[in-house]
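Biologist: Before we look together, could you show me how strand pairing and aromatic contacts are read from a model?

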Amino acid sequence: MILRGRKVILRPLKLSDAPRIVKWMADPSVRKFLSMGRVTLQMERKWIRETNKDKNEKGFAINTLDEKYIGNVGLHLNPKNKNASFGIFIGDKRYWNSGYGTDAMRTILKYGFEKLELHKISLNVYAHNQRAINLYLDMGFKLAGIKKEDRYRNDKFYDTYYMELLKNEWQKDKKKIMAL
Ligand SMILES: CC(C)(COP(=O)(O)OP(=O)(O)OC[C@H]1O[C@@H](n2cnc3c(N)ncnc32)[C@H](O)[C@@H]1OP(=O)(O)O)[C@@H](O)C(=O)NCCC(=O)NCCS
């Protein structure tokens, strides 16, 4: 399945994406915002194979309109409760702060709420990841909980925020969100 945004195209992940992900994850300035650690080529190829087989994993590569692969975005579905958790990263730092995250996110939210008929989408984010938090607030997500000292990295504990967005809240703000 391919989802088209205004600045990005979300396409299925391919095994040949794995080396790029390994390279991105080797960069501490990208990894510091994510829960995953360093990954190997073997781990990434396995993850892509499993994600593509699992009907509850909606993982996409983020491509620019000129087909440059810049990151990943996905929903992990919990069909029983009609909800999903969300994750995103743009691994190619040259593409940060230029609206690609906004476009990838509004595109997958529309897919999640309209096509998959989800009732709620939630996410976790480091409390110090202001750029991501701003993006999530722009998309209508609300802070629903603070997990104190929830992640342990490099001898330090970090707080994380739990945020969520209900379908009816999204519908109410849809016009504004889709126009960002
Ligand atoms: C978080 C991420 C997906 C955002 O995507 P992006 O394309 O860089 O962000 P956008 O350009 O779409 O901007 C989104 C919002 O972030 C905010 N923002 C952008 N740059 C920012 C900065 N340097 N500091 C604080 N906020 C910033 C703005 O509020 C912006 O909204 P605006 O259009 O109203 O100004 C991307 O930067 C990324 O992948 N970062 C590394 C991994 C990561 O943090 N993933 C999320 C883990 S929870």
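Biologist: How many bridges join strand 2 to strand 3, and in which sense do they run?

Modeller: Strands are DSSP runs of E with at least two residues, numbered from the N terminus, and two of them pair if DSSP finds at least two bridges between them. Here strand 2 (residues 8-12) and strand 3 (residues 57-64) run antiparallel and are joined by five bridges, with Ile-9 standing opposite Asn-63. This is a predicted model, in which local features need pLDDT of at least 70 and side-chain atom pairs count only at pLDDT 80 or more, while totals for chains, interfaces and linings use all residues. Residues are numbered from 1 along each chain as its sequence is written, and side-chain values use heavy atoms, with hydrogens and water left out.

Biologist: What describes a pair of aromatic rings?

Modeller: The distance of the centres and the angle of the planes describe such a pair. Rings of Phe, Tyr and Trp (its six-membered ring) pair if their centres lie within 6.5 Å, and planes under 30 degrees apart count as stacked, over 60 as edge-to-face and the rest as tilted. The count comes to 10 aromatic pairs; in one of them, the centres of Tyr-126 and Tyr-158 are 6.0 Å apart and the planes at 75°, so the pair is edge-to-face. Tyr-126 lies in strand 6 (residues 120-126) and Tyr-158 in strand 8 (residues 156-166), 32 residues apart.

Terms used
Buried < 20%, exposed > 50% of the residue type's maximum accessible area, 1.4 Å probe, protein only. Helix = DSSP H or I, 4+ residues; strand = E, 2+ residues; numbered from the N terminus.
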